[in-house]
Amino acid sequence: MEALPIFSALFAAASVYLFWFYLLARKLTGPSVWPVVGSIPFLFSNRKQIHDWITNNLRATGGSATYQTCTLALPFLARRQGLFTVTCNPKNIEHILRTRFDNYPKGPTYQAAFHDLLGEGIFNSDGETWLTQRKTAALEFTTRTLRQAMARWVNRTIRNRLWCILDKAARDHIAVDLQDLLLRLTFDNICGLTFGKDPETLSPELPDNPFSKAFDNATEATLKRLLYPSFLWRIQKLFGLGAERQLEKSLEVVGDYMNDAVAARKLTPSDDLISRFMNKRDIDGNQFPSAVLQRIALNFVLAGRDTSSVALSWFFHLVMENPQIEEKIVAEISTVLKQTRGDDPRLWVKEPLVFDEADKLVYLKAALSETLRLYPSVPEDFKYVVNDDILPDGTFVPAGSTVTYSIYSVGRMKSIWGEDCMEFKPDRWISADGKFEPPKDGYKFVAFNAGPRTCLGKDLAYLQMKSVASAVLLRYRLSLVPGFRAQQKMSLTLFMKDGLQVYLHPRKLGGGPDQVTQAAATSA
């Protein structure tokens, strides 16, 4: 009899909770939610195809392209910390990234998750800390000297390393993981540009680089922090379990490498980004300490390595699937080089494109942009809601909740890009007079972010991607290894899970795509 009041109280509490949960679930418009754990079970079960899952959820909303879900179905938390608003509506994205920019910072959840990896670097800070770094970086990214430095690093890496590796693979008829080669190339380039240190990961023997491997592991472990409630990864970190144990070990390797790189630059300053930041001041008027310089450098490495290499990997994959587009790209490159280097095709492949030549490649830029529309390097981004707000589509977002805008989904919505949105069509970026023409609504394409946080390295990224794409396609026709299927990897950036396994076939310029020539080999 004594237990009866306890059971009655528990039953009453459960009944009240279930009624509250029923009312909550009725208001949510996204995937189904369970008591207490919300939509976490569905998030977990779809983690291997998370971006397509989000896209399908957004399509299911009809024209609104916005839904709300909950990962903590508990009173006082479900409508704040546990609430996620997911959108790919361009008007909502503009509102978040420009109109009410100050109301949607990175926020404490995102910053806490990324703090161990990125500290208060430009990609993980808000307010004055972010603004100071942004202004400093903006001044440097507009200088011609930085463009020239980037051109030197890119051309040297292509000429002395990439071509050597690809030529050997073509001669020996062996497959290569092109994504791995591109990651190594962009990693060497961005390390050289950021702190003047060339790790030479793109070498014929393809050596393992402890820093590069640790950096990969750290970014993957950090992403897992964002997918689940923060208390889960905090418990793992406290007891050194699972992904948090891996993250701690990886960060030790990354930290040691960055310590050495910054220390070397302090002894012998150069024209790299870190040397430039050494001469700048923080918000208090003091020089940046070594620990901050390390995080600043790491932020630029993250932005400059993964994004370009991932975009190029998907670009080459799409080109292999669309040979008629490949022909147009090669024809455009050949036309430009005929104007700048003459009629002899051997001169076209003797040296990589200089950036002034790359500037003239309009159709190639369209093809790269079309790739980023379908496969944006950073597929999702997150913002914290400071104050209650209403999005342009009428969705109420409460303070303390999180807004996710799906860059991946934007390019795959018929309501935004038309009935042919899933087709790879570079011509949609070309105007009637043959010029590159981005969409009039700039928030339909936010692969380089938008508003005050627009990517500072956008132009340099396009030039690097054009140079690398031309260096490969002018010499080779690519084909997938039989049985290979490209799959997305769960990471901060849209990696291919098993790389990009391809064979290389020497291209005969001016002839059919299947004809073989020795021109590339003899000019290497």
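The legends below describe views of a predicted model.

**Figure 1. Overall view of the protein chain.** The protein chain holds 21 helices and 9 strands, where helices (H or I, at least four residues) and strands (E, at least two) are DSSP runs numbered from the N terminus. Its C-alpha trace spans about 95 × 55 × 40 Å along the principal axes. Residues are numbered from 1 along each chain as its sequence is written. In this predicted model, local features need pLDDT of at least 70, side-chain atom pairs count only at pLDDT 80 or more, and totals for chains, interfaces and linings use all residues.

**Figure 2. Helices α8 and α13 at their crossing.** The axes of helix α8 (residues 178–195) and helix α13 (residues 290–321), which are lines fitted to C-alpha atoms over the stretch in contact, with angles from 0 to 180 degrees between N-to-C directions, come within 8 Å and cross at roughly 150 degrees. The two helices α8 and α13 are therefore roughly antiparallel, a term used for angles over 145 degrees. Contact here means heavy atoms within 4.5 Å, and the residues that make it include Leu182, Thr186 and Ile190 of α8 and Phe300, Gly304 and Leu312 of α13.

**Figure 3. Confidence along the protein chain.** The mean pLDDT, the predictor's confidence in each residue from 0 to 100, is 89 for the protein chain, and 97% of its residues reach 70 or more. Confidence is highest in helix α17 (residues 362–374), at a mean of 98, and lowest in helix α21 (residues 519–523), at 41.

**Figure 4. The stretch of residues 511–524.** Over residues 511–524 pLDDT stays under 50, and the model has 21 contacts beyond four places in sequence for them. Where pLDDT is low, the predicted coordinates should not be read in detail.

Note on methods. Heavy atoms only, no water. Parallel < 35°, antiparallel > 145°, perpendicular 65-115°, else oblique.
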